[in-house]
There are 2 protein chains.
Amino acid sequence: MLSTMQDVPLTVARILAHGSGVHGRALVTTWTGTGEPHRRSFADVGARAARLAHALHGLGVHEGEPVATLMWNNAEHLEGYLAVPSMGAVLHTLNLRLPPEQLAWIMRHAGDRVVLVNGSLLPLLAPLLPYLDDVEHVIVSGPGDLSALADVRPQVHDYEELLAAQPADPYPWPELDERQAAALCYTSGTTGEPKGVAYSHRSVYLHAMEVNAAASFGLTPAQTCLPVVPMFHVNAWGLPHAAFMAGSALLMPDRFLQPAPLADMIEAERPTVTAGVPTIWQGLLAELDARPRDVSSLHTVVSGGSACPPSLMKDFEERHGLRIVQAWGMTETSPLGSVAYPPPGLSPEEAWPYRVTQGLLPASVEFRLAGPDGRFLPWDGTSAGELEVRGPWIAGAYYGGKDGEPFRPADKFSEDGWLRTGDIGTMSPDGYLTLTDRAKDVIKSGGEWISSCELENHLMAHPDVTEAAVIAVPDEKWGERPLATVVLRDGATAGWPELHGFLGERVARWQLPERWALVPSVPKTSVGKFDKKVLRRQYAEGELKVTVLGAS
Amino acid sequence: MLSTMQDVPLTVARILAHGSGVHGRALVTTWTGTGEPHRRSFADVGARAARLAHALHGLGVHEGEPVATLMWNNAEHLEGYLAVPSMGAVLHTLNLRLPPEQLAWIMRHAGDRVVLVNGSLLPLLAPLLPYLDDVEHVIVSGPGDLSALADVRPQVHDYEELLAAQPADPYPWPELDERQAAALCYTSGTTGEPKGVAYSHRSVYLHAMEVNAAASFGLTPAQTCLPVVPMFHVNAWGLPHAAFMAGSALLMPDRFLQPAPLADMIEAERPTVTAGVPTIWQGLLAELDARPRDVSSLHTVVSGGSACPPSLMKDFEERHGLRIVQAWGMTETSPLGSVAYPPPGLSPEEAWPYRVTQGLLPASVEFRLAGPDGRFLPWDGTSAGELEVRGPWIAGAYYGGKDGEPFRPADKFSEDGWLRTGDIGTMSPDGYLTLTDRAKDVIKSGGEWISSCELENHLMAHPDVTEAAVIAVPDEKWGERPLATVVLRDGATAGWPELHGFLGERVARWQLPERWALVPSVPKTSVGKFDKKVLRRQYAEGELKVTVLGAS
């Protein structure tokens with residue numbers, strides 16, 4: 001039987017029209033450091049997005065073409081988020097923390113012809129331009145040193161002047177197929193070349209609806225959302241789209257991502273929902289400990305990108321009344337995969353074991369665990385396998401193989417099209433995911449798996465330990481054994497035997513590292529995750545000073 | 001650019017798998033009157049839905065075939081809700097309040113071959129069966145007088161026996177196109193033949209996501225949802241699908257829809273979210289006034305189906321602390337069109353004018369107002385036109401025209417495919433819909449429009465008035481004039497001059513009715529709306545005793 005429903009596509013243009021119309025009075029506030037925050041209504045964002053679309057059309061941007069942004073979280077980036085996909089082009093967010101040569105590789109791979117850039121980021125972009133033959137137009141927003149662009153080949157435009165020169169008429173947004181690409185984001189893969197994920201209008205829209213679910217981040221017109229997670233990091237986890245869809249006010253931190261200005265803007269602007277990676281919350285905790293601020297407006301603090309140390313969650317809650325909610329996802333999952341709200345009706349003690357999981361999956365996301373032999377494992381809370389994921393906002397391929405077609409590496413996608421996450425974990429019978437390690441980080445010792453993450457979390461619960469990263473190192477007898485690299489707090493008194501003993505009370509004896517190394521800080525990737533690749537190289541090249549404790 | 005996302009359909013089977021798996025411990029509780037409520041886990045609902053699908057498959061039900069239900073709100077109806085669409089058939093909910101001949105017409109029009117029926121409804125179904133040649137199987141759930149089925153032609157099955165005879169294996173749910181029909185519901189149109197709306201898997205799924213948005217009804221595992229609105233009334237406004245998707249517990253009233261048992265079940269089972277038509281809340285208010293119960297668990301009481309008298313909202317809140325949230329929709333809109341949450345940051349007095357509107361539309365729903373000359377009107381809060389609606393869960397046609405194809409009557413769908421609602425209303429600049437009347441109920445007096453609803457709402461705010469319905473009657477001088485039909489409270493003292501004066505303080509003089517009639521009750525349609533068609537006929541046939549006050 002045919003349905004009789006209207007065939008209306010799910011598109012970013014709908015989010016733009018709805019947010020700037022029905023929620024036109026909602027505000028996006030951009031932090032400016034010491035000055036007055038800059039405020040712009042959703043209605044104005046909509047009007048300026050139309051001007052931006054007129055301008056890009058004038059620069060010859062056509063349907064399906066990527067338009068790059070190298071920008072912080074601010075109102076202008078939001079305008080790009082809405083205008084570029086709505087006109088049928090593809091928003092290509094560039095990760096400003098990538099090494100320059102990787103950034104250039106990605107821009108060449110995508111074929112970026114037009115780049116929107118914040119003035120403060122010109123020192124990053126300008127030196128790359130000689131290597132970017134495709135780039136024809138650089139549109140500069142906000143203050144910056146324009147002298148760096150004095151002799152470059154591409155045409156340079158001022159964002160505000162460009163918008164002012166456009167007609168105030170509505171832009172004739174085209175009717176798009178919801179399966180067309182809306183946004184392009186490259187994974188900051190720690191191995192191999194970066195790989196592009198091309199989100200569709202459909203996936204962006206459905207993901208925004210899920211973010212706004214009460215069981216997820218619950219954005220409504222009564223909320224103010226602070227995306228600390230950068231807009232180049234998996235679309236700031238979908239929060240800009242979701243907030244504009246729901247009419248939730250947005251507080252944009254711009255480039256002020258250090259703990260002190262974050263604490264200041266939370267106290268001043270009173271956001272209710274925020275999201276970022278654990279290192280952000282680690283920094284904010286230290287800042288609030290040193291100089292308390294009123295952060296009581298926040299009722300939902302989402303932590304994702306990597307596992308949040310349970311000790312950090314506890315400290316935050318006990319010392320500042322802020323409850324961290326863990327969520328799991330990755331570039332390939334848009335990223336919302338699961339959110340760790342505990343089941344209802346539990347005491348704080350009963351809820352805790354659920355809160356430290358990666359969480360419960362929504363209806364649109366399917367999980368399965370592939371065991372070492374490829375068979376799927378039961379959800380019994382103990383069987384550990386590689387997490388595979390399916391759903392309408394989950395990637396099924398990467399962008400731009402050799403012939404320009406999407407490609408599906410076998411280590412990333414199963415034969416029946418599920419995403420292979422490279423994460424090892426278990427599922428509880430009631431649907432909670434616990435990740436124990438990355439498939440490549442797990443330590444394969446004498447036929448057993450040792451979780452590097454578990455050791456790290458235990459170590460970071462020790463009062464003298466600031467950071468800890470555990471890597472596998474070759475071992476003649478066991479194949480691999482764990483090496484613990486540790487950052488100690490100023491004035492720490494603990495030595496290796498004490499940390500070894502501390503760990504010995506918490507994990508099985510055969511899992512205890514024999515090798516220990518003090519490091520000044522754990523190397524991080526561009527999005528703030530531990531970069532174990534660097535540690536493995538440092539170990540291989542003898543750069544770490546390793547202490548070996550008595551044989552276990 | 002091609003997107004690289006997985007192409008995963010949005011289907012009822014996904015809701016079934018997710019709810020019965022991840023939320024398997026959630027409960028659906030069915031009220032049984034004086035006995036113990038019956039409780040069944042979502043996991044059991046899922047297992048039984050699989051058995052039901054096996055059984056229906058065994059009866060030859062094929063993809064695209066309608067399977068009818070004539071049932072109350074209970075766990076077994078929920079099993080049908082999930083099993084029938086998931087196996088690729090189409091759930092056809094029958095409105096048990098329709099006149100028998102209309103019910104028979106609808107069943108013949110749909111070609112129902114299999115009917116699931118509650119035993120208590122056999123007295124309604126049995127007499128129709130001789131006229132229903134297509135019906136081959138009647139599946140009876142729950143206690144009832146089976147003797148009525150002694151000599152009928154169709155094969156009669158007991159629901160529980162049928163399920164028990166099926167394999168316990170999972171059912172091989174087919175992979176469906178999300179645009180296939182999932183459910184069929186006929187409008188109880190007050191004019192002309194009933195018209196079928198065939199919801200798609202996509203529309204049901206997206207609608208459930210919207211119901212679960214924090215800005216809508218916000219179902220989560222921490223909620224218990226009581227759908228008082230019947231499951232045959234626009235899928236109980238999508239609540240069963242939404243609750244199963246979100247893992248929200250369900251409290252099903254079965255056939256106990258009278259005020260006293262509703263108050264009892266709210267006190268005993270402590271639901272948090274409920275939804276029904278205003279007449280239900282009117283009855284519950286009187287019940288709670290007469291015999292108070294603890295209804296403090298409810299934080300969201302949704303009223304829809306027709307405009308909720310503001311006096312009822314005030315009385316409910318002042319006397320019992322229950323806040324009614326108005327929502328607007330219709331069979332053709334799945335039904336969620338708008339929800340009347342006020343903008344944030346307002347005082348109760350400032351919020352009130354927003355709360356008595358039909359509400360704010362979500363991103364997936366588009367509204368426009370067509371003026372008398374067909375041109376679209378501005379959203380200025382005063383320009384009144386016919387509401388037209390577009391969106392992925394809005395009907396674009398009706399089911400089964402003469403050649404079996406969907407059909408699009410010009411008075412119901414615009415040339416560009418929007419639904420013409422037949423409702424007259426205004427839109428505020430900030431996106432709130434206020435319906436002033438049905439296009440067919442508006443009183444066209446001397447070239448001006450008088451809203452019958454507005455007069456009714458004012459009249460019903462008078463302490464002596466229980467119900468009031470205003471209809472247009474022919475008038476030589478003005479074309480049409482309003483006639484007020486009024487139900488007075490027992491012991492009322494007010495006469496027509498007093499009510500006329502009461503109204504005179506609230507509306508313009510030229511809108512005041514000259515004609516008044518006392519009625520024992522206002523006739524209602526099968527879903528509890530005022531049936532003005534009957535009043536117009538009664539007036540035309542001289543059955544109303546009309547008093548004419550001095551000329552206005």
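Predicted model: local features only at pLDDT ≥ 70, side-chain atom pairs only at ≥ 80, totals over all residues.
Residues are numbered from 1 along each chain as written, and chains are lettered from A in written order. Local features need pLDDT of at least 70, side-chain atom pairs count only at pLDDT 80 or more, totals for interfaces use all residues, and hydrogens and water are left out of side-chain values.

Q: Which relation holds between chain A and chain B?
A: Chain A superposes on chain B with RMSD 0.1 Å, by least squares on the C-alpha atoms of residues with pLDDT of at least 70 in both. The superposition takes a rotation of 180° with 0.0 Å of shift along its axis. That is therefore the relation of a two-fold axis.

Q: What area is buried between domain 1 and domain 2 of chain A?
A: The domain assignment, automatic or from a database, gives domain 1 as 9-203 and domain 2 as 365-439. Buried area is the accessible area (1.4 Å probe) that two parts lose on being put together, summed over both. Carbon and sulfur atoms give 69% of the area between these domains of chain A, which is about 740 Å².

Q: Which residues of domain 1 of chain A lose the most area to domain 2 of chain A?
A: Together they account for 50% of what the domain 1 side buries. They are His109(A), Lys195(A) and Ser203(A).

Q: Is Ala275(A) buried or exposed?
A: Buried means under 20% relative accessible area, exposed over 50% (1.4 Å probe, protein chains only). Because its relative accessibility is 1%, Ala275(A) counts as buried.
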